[in-house]
Number of protein chains: 2
Amino acid sequence: MGAAPPAPPPRLGNLTGRARLLHAADAAELRARLPEADVLLVWDFLSDAVRDAWPGEGPRPRWVHTASAGVDRLMFPELVDSDTVLTNARGVFDQPIAEYVAALVLAMGKDLPRTLALQASREWRHRESQRIAGTRACVIGSGPIGHAITAQLAALGITTALVGRRARDGVHGPADLDRLLARADWVVCAAPLTEDTRGMFDARRFGVMQPSARFINVGRGQLVVESDLVDALHKRWIAGAALDVFEHEPLAADSPLWTAPGLLVSPHMSGDTVGWRDELGLQFLELYGLWESGRELTNVVDKKRGYVPGN
Amino acid sequence: MGAAPPAPPPRLGNLTGRARLLHAADAAELRARLPEADVLLVWDFLSDAVRDAWPGEGPRPRWVHTASAGVDRLMFPELVDSDTVLTNARGVFDQPIAEYVAALVLAMGKDLPRTLALQASREWRHRESQRIAGTRACVIGSGPIGHAITAQLAALGITTALVGRRARDGVHGPADLDRLLARADWVVCAAPLTEDTRGMFDARRFGVMQPSARFINVGRGQLVVESDLVDALHKRWIAGAALDVFEHEPLAADSPLWTAPGLLVSPHMSGDTVGWRDELGLQFLELYGLWESGRELTNVVDKKRGYVPGN
């Protein structure tokens, strides 16, 4: 989201007369207002303000909705152990992120970054590039985003294996991961950040991959041991990588990631297509309609697991 | 192909004992040897050497094969009007070029060139990008390459119209072109270069397109009036373009195309995936097998039309 405070949520005018809106622009305001709120919409999902402001005792929101797919910033014990219901933005980002991953795969396969660099120096240098159809991908994360990525890559003729927390129909379990990594031309990480997945892409896993493999992370930065990735790229253990998410965002100007060989850095934008804020606002309104009428909420996060369980 | 002479054709060792190979590295050698040859394999398809060396009278090759999809350099009257059979590399480039076009569409839609430029200056700047599914493309050129592009874009959820020389099932005729251009988010040119298509993308046609449209040329450079495209980009008549082919190749270092706003320049590489030279060599061997045994050749160019007629 960058360093600037995010724009306020759109579409909430639709709640006029139905809810009293308490806007909290910073942590202090949030702390002051949280005890009055029945419902909390977390718009700035990369902030730790909710954790810091969460009421120790007494009144607290009964429902928290985060305008994001990942819920890792909200997995603090006081919320996890409470009876507050947590929902997320499941669905909004699936297709955009799948397209973004396809863009990265094709750009790397067709050597577009080098083409752009050569254009900047007015150099005509013909190269051979990679045929994409028939290559293999391993997608880690079997939620709706991982499924959408798998379908999009399959549409490009890529043979794709999906890995989730447990083996089931069409999904490999963790026991298969290293074997699949060792065969993949493209390794795509779209897993939720949990205690099981934190740091899962480390030196050992980069060492298992093929020297021709490319690694893409559109999940959360903390899934990757960034220094190990930089090292693997310098040592040419893998051929390239693209990160859209980072341990610390925005990425510091002096980070070695900006200049690691074969690494493409983008500013956490994979899911954010034109109109995404409106979609997030509308999704919250739909959920609010359920809440208002006492019906069951959808997109409910299993707080013990750290994601919305699905098929 | 660049300025350097191309590497010699691979796989021709398979013809040992079946044919006498006469290699011609330059125009003078070609002129000396052409009258002795029954078969001519044109490996450097961007060269005018064949036209210049073609025998005026007397013995000449009965069969010419060009290791390219486009045959425009061979459409000179002495060959067109002769009974020499001309074949091309139909099929080899379809899927690679379709993937390359998908790479360009996604790169432009997801703003990758700007992401790479921002990375070079270590700037974190979040932007919204374009959702690709649901956009519209118009593909010009209804040969196998145009068909492959159409299928690949459709696999990305893009609504695609294909335009050919004549209307038929699944293909629009030229009468529909301007209307389709006016509705397209992506205009992709994969037409053969003929007297009908030369310069077809000119100021008038760029003026018909939407200001948000992007234009991609993977056909031949002469299909586009390059100065009109530069003008259209500077005036923001269209949002961007990508050229893989140029009127003069290699593109001169002082060409205004290198720096035209929103223009991506690549060095005629869209079809050239790893192994393409082998594939071209093998394709020639297959055709040679037909020739040798007196069977009918495939991939035969209609020399009056300037391409291989298909469905």
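## Strand pairing in chain A

Two strands count as paired if DSSP finds at least two bridges between them. This is a predicted model, and in it β1(A) and β2(A), the latter covering residues 63-66, clear that cut-off with 4 bridges in the parallel sense.

Zoom out and you get an open sheet of 3 strands in chain A, ordered β1-β2-β3 and paired in parallel. The edges are β1 (39-42) and β3 (85-87) of chain A, each of which pairs on one side only. Going from one strand to the next, the twist averages 15 degrees.

So much for the strands; now the helix. α10 of chain A, running over residues 276-292, packs on this sheet and touches β1, β2 and β3 of chain A. The direction of α10 makes about 165 degrees with that of β2(A).

## Where chain A meets chain B

How many residues of each chain are in contact with the other? Chain A brings 42 residues to the contact, and chain B brings 42 as well.

On the chain A side, α4 (94-109) and α5 (112-120) each supply at least two of the residues that touch chain B. The top contributor there is α4(A), which gives 8 residues.

Conventions
Residues are numbered from 1 along each chain as its sequence is written. Chains are lettered from A and ligands numbered from 1 in the order in which they are written. This is a predicted model: local features need pLDDT of at least 70, side-chain atom pairs count only at pLDDT 80 or more; totals for chains, interfaces and linings use all residues. Two residues are in contact if their C-beta atoms, placed from the backbone, lie within 7 Å. Axes are lines fitted to C-alpha atoms, for helices over the stretch in contact, and angles run from 0 to 180 degrees between N-to-C directions.
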